[in-house]
Amino acid sequence: MEPNPPNERTVRLNKLHQLSQMGIDSYPARAKSDMTLKNLLEKFEEFVKSKKTITVCGRVISKRLHGKSAFAHIKDGSASFQIYAKLDLIGEDKYNLFKKMIDVGDFLQITGTLFRTRTEEETILVEDLKLLSKALLPLPEKWHGLVDEDKRIRYRYLDMLMDSEVKERFIIRAKITSTIRNYLDSLGYIEVETPILQRLYGGAFAKPFETHHNAMDMKLYLRIATELYLKRVIIGGIDKVYEIGKDFRNEGIDRMHNPEFTMIEIYQAFADYYDMMDLTENLVKYIAEKTTGTLKINYQETTTELTKPFARISFWEIIEKRTGRNFRDSTRDQLIAYLEDQHIEYDPKASNYVLVDEIFKERVERALIEPTFIIDYPLELSPLAKRKSGTKSIVERFEFFWYGFEIANAFTELNDPIDQRARFEEQMKLRAKGNLEAQVMDEDFLTAIEHGMPPTAGMGMGIDRIVMILTNSYSLKDVILFPLQRPLK
RNA sequence: GGGGGUGUAGCUCAGGUGGCAGAGCAACGGCCUUUUAAGCCGUGGGCCGAUGGUUCGAUUCCAUCCACCCUCACCA
């Protein structure tokens with residue numbers, strides 16, 4: 001006796017028990033399948049004519065009993081297909097097995113011939129069936145699917161199963177990364193893997209995740225960027241190198257940020273940031289066309305065209321253009337007066353350049369809808385970028401913006417070890433003042449570039465954000481299979 | 001962290017000026033040999049997110065908490 005009224009799970013557990021008593025293995029090790037359901041659909045006419053007997057597999061997604069016959073749909077990763085079982089054809093034992101023991105959610109192996117029903121639907125007339133796997137929990141309701149946002153993420157497999165667009169989005173994501181690889185590989189770039197567990201973290205401004213290695217009794221960080229290791233690879237003589245991988249930043253979560261995210265970084269010796277701009281532009285256009293079939297991209301009701309060259313405008317110029325003011329020589333008082341006047345929040349302890357950056361983010365960044373390169377940033381905001389020749393406080397850096405999002409960040413890399421050491425020291429001063437995101441001194445990296453680093457350009461691009469735009473997804477959560485969630489209870 | 005919203009059956013959702021909790025799908029029993037949101041008859045299923053308060057009585061009112069969503073801030 002069940003202590004509680006039977007729910008669907010206990011009903012199915014009882015069926016499992018009965019199947020076992022009937023000598024039926026509910027989880028056999030082997031399945032036989034002649035083809036996918038999609039292939040079967042393609043060969044349907046041919047197989048009807050030749051009266052071919054075929055065997056296919058799939059999950060039962062619906063079931064309609066009609067007394068002495070029954071319809072159901074089965075589904076595999078490629079398509080769904082209707083099956084039709086008749087008592088007089090398969091006999092009482094098998095018919096009752098199907099009728100009583102098989103539930104929506106179970107996996108079946110079906111053998112039979114093909115025909116069309118009165119409504120012309122392609123159907124398998126079942127001659128034999130085998131249970132491949134019994135599901136104990138029911139699938140979500142058949143035509144609404146999973147709606148609750150929490151459950152869609154918590155039970156992503158059900159979300160994918162019930163909503164083909166969700167599954168499709170992750171297939172497009174895979175296509176985007178393989179397209180990037182194909183493109184770069186064809187141009188002679190070499191893909192490498194660098195450490196995720198790092199003794200020191202660097203290459204970006206962010207708070208890291210910390211962990212500990214037991215055997216070496218050593219504190220380690222999860223990387224926030226691949227930058228400093230990829231530069232070592234450049235020093236080692238691979239002149240065109242890239243890595244696609246996860247970075248980890250211990251920051252807040254919102255629709256544009258996730259604590260673990262996928263980044264591609266590309267480095268090229270004997271190139272500068274103009275070369276990297278060309279590569280970035282060509283790469284974005286290439287993956288957009290390969291994955292969407294067009295250079296007209298629609299994202300959240302706004303269309304942008306990738307057909308013409310992307311705009312290129314300098315940091316100071318775009319600020320002047322959008323605000324009507326030139327802040328380049330502004331005093332601190334003037335900057336603060338503007339921020340107050342425009343009701344832009346700021347940290348009163350921040351440096352002048354950070355205040356300018358606030359103005360940039362508020363008045364410029366979110367309005368950069370068309371694909372745009374912003375170039376030539378203030379040096380203070382870019383401790384790993386090379387000074388632009390003939391200037392004192394500008395570096396050769398660009399960021400790529402699209403739909404108001406920062407998609408990529410790149411520079412002509414700083415390869416002067418003396419200058420690099422000075423920049424690290426500047427960062428350490430900021431850190432001493434309490435800026436937890438300032439970079440840390442990395443002697444091992446300095447040693448590497450003291451051995452000689454060629455002139456190099458490097459670029460980092462957020463893969464999740466590109467996928468978001470190209471799949472017209474509102475949130476990063478929609479393009480990450482299993483976003484972090486708190487446990488139930 | 002601030003502000004707003006949501007939380008009721010396995011799923012999708014109703015409901016209630018405070019008085020034994022509702023539907024469809026799914027499940028269970030029965031009828032039904034071309035259905036497809038199959039149909040018809042019947043049945044079971046609920047700590048109404050959690051805890052506390054007010055009350056004769058709370059799923060409903062109040063407070064706190066938890067989870068998720070949106071938004072602002074942070075993420076140079």
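Since you're working with a predicted model, local features need pLDDT of at least 70, side-chain atom pairs count only at pLDDT 80 or more, and totals for chains, interfaces and linings use all residues, while side-chain values use heavy atoms, with hydrogens and water left out.

**Exercise 1. The RNA surface**

Find out which residues come nearest to RNA strand B, and describe the surface around it.

Solution. 
- Step 1: Collect the residues near the strand, meaning those with a heavy atom within 4 Å of it.
- Step 2: Sort them into nonpolar (Ala, Val, Leu, Ile, Met, Phe, Trp, Tyr, Cys and Pro), charged (Asp, Glu, Lys and Arg) and polar (the others, Gly among them). The surface near RNA strand B has 24 charged, 15 nonpolar and twelve polar residues.
- Step 3: Switch to the RNA side. Sugar or phosphate accounts for 57% of the atoms of RNA strand B within 4 Å of the protein, and bases for the rest.
- Step 4: Look for polar contacts, here pairs of N or O atoms within 3.5 Å. A backbone N or O atom of Gly67 is 3.0 Å from a base nitrogen of RNA strand B.

**Exercise 2. Two packed helices**

Work out how H7 and H9 pack.

Solution. 
- Step 1: Locate helix H7 at residues 164–186 and helix H9 at residues 273–292. Helices here are DSSP runs (H or I, at least four residues), and strands are E runs of at least two, numbered from the N terminus.
- Step 2: Take the angle, about 135°, with the axes 10 Å apart. So H7 is oblique to H9, as angles under 35 degrees count as roughly parallel, over 145 as roughly antiparallel, 65 to 115 as roughly perpendicular and the rest as oblique.
- Step 3: Check who meets whom (contact: heavy atoms within 4.5 Å). Residues in H7 including Ile172, Ile176 and Tyr183 meet residues in H9 including Leu279, Leu283 and Tyr286. This contact divides into nine nonpolar, three polar and two charged residues.

**Exercise 3. Positive phi**

Say where Glu120 sits and where Phe270 sits.

Solution. 
- Step 1: Glu120, not a glycine, has a positive phi near 75°. Its place is the loop between strand S4 (107–116) and strand S5 (122–133).
- Step 2: Phe270 isn't a glycine either, yet its phi is positive, about 60°. You'll find Phe270 in the loop between strand S11 (260–269) and H9.

Notes
Residues are numbered from 1 along each chain as its sequence is written. Chains are lettered from A and ligands numbered from 1 in the order in which they are written. A polar contact is a pair of N or O atoms within 3.5 Å; within protein, one must be able to donate a hydrogen and the other to accept it, and residues adjacent in sequence count only if both atoms are side-chain atoms. Axes are lines fitted to C-alpha atoms, for helices over the stretch in contact, and angles run from 0 to 180 degrees between N-to-C directions.
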